[in-house]
Amino acid sequence: MGRIISALTLSAVFVLSLGLDAHAEVTAADIAKYDLTNGQSVYNTSCAACHTNGILKAPKTGAQADWTARFAQGMNTLVKKSIDGYTAEGNMPARGGNPDLTDKQVGDAVAYMVKQVL
Ligand code: HEC
């Protein structure tokens, strides 16, 4: 019986590890390498207009339910999509519509947003 259970547990772990990239899922360690103070100032000038109140179906900053499912993509994907822009249910403009922002500034702003719900 014990052997069957451990075999089942092992297969479950195996299936899970196949399905999920080991580096996906956002963790505190991922955002530790970003500058959150800079992120907050970038956020205030370039991201808050949509993300504070969820304009155009933007995930609301600080609203856990809007973010949890997105964390499975991992931090790098969240940042890349914010740099490139993307359309799923709404329209996230590249760099929040501010082409002057560097990749680092966008990354810092994403980290600041993530920090509010992590
Ligand atoms: C014009 C409105 C607007 C602005 C400004 C804006 N966003 Fe967004 N953002 C959106 C919308 C809408 C979505 C959801 C798009 C969707 O899921 O279809 C989104 C989604 C996101 C996501 C989630 C990505 C994902 O994969 O789930 C992140 C992270 C993000 N924005 C970061 C930023 C950052 C950082 C800035 C500022 C530099 C910014 N946004 C500025 C509208 C905006």
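A residue is called buried here if 20 or more other C-beta atoms lie within 10 Å of its own, exposed if 12 or fewer do, and partly exposed in between, with C-beta atoms placed from the backbone. By that criterion, 25% of the 118 residues of the protein count as buried. This is a predicted model, in which local features need pLDDT of at least 70 and side-chain atom pairs count only at pLDDT 80 or more, while totals for chains, interfaces and linings use all residues. Residues are numbered from 1 along each chain as its sequence is written.

With helices (H or I, at least four residues) and strands (E, at least two) taken as DSSP runs numbered from the N terminus, the protein has 6 helices and 2 strands, which follow one another from the N terminus as α-α-α-α-α-β-β-α.

Around the ligand there are 31 residues, the closest being Cys47, Cys50, Ala88, Gly90 and Gly96; a residue is near a molecule if its C-beta atom, placed from the backbone, lies within 6 Å of it. At least two residues of this shell come from each of α3 (36–51), α5 (75–84), β2 (91–92) and α6 (103–115), and α3 contributes the most, with 6 residues.

The loop between α3 and α4 (64–67) holds Leu56, which has a positive phi of about 55° although it is not a glycine, and which counts as exposed because it has 12 C-beta neighbours inside 10 Å. Lys57 is also found in the loop between α3 and α4, where its phi is positive, near 70°; with 13 other C-beta atoms within 10 Å, Lys57 is partly exposed.
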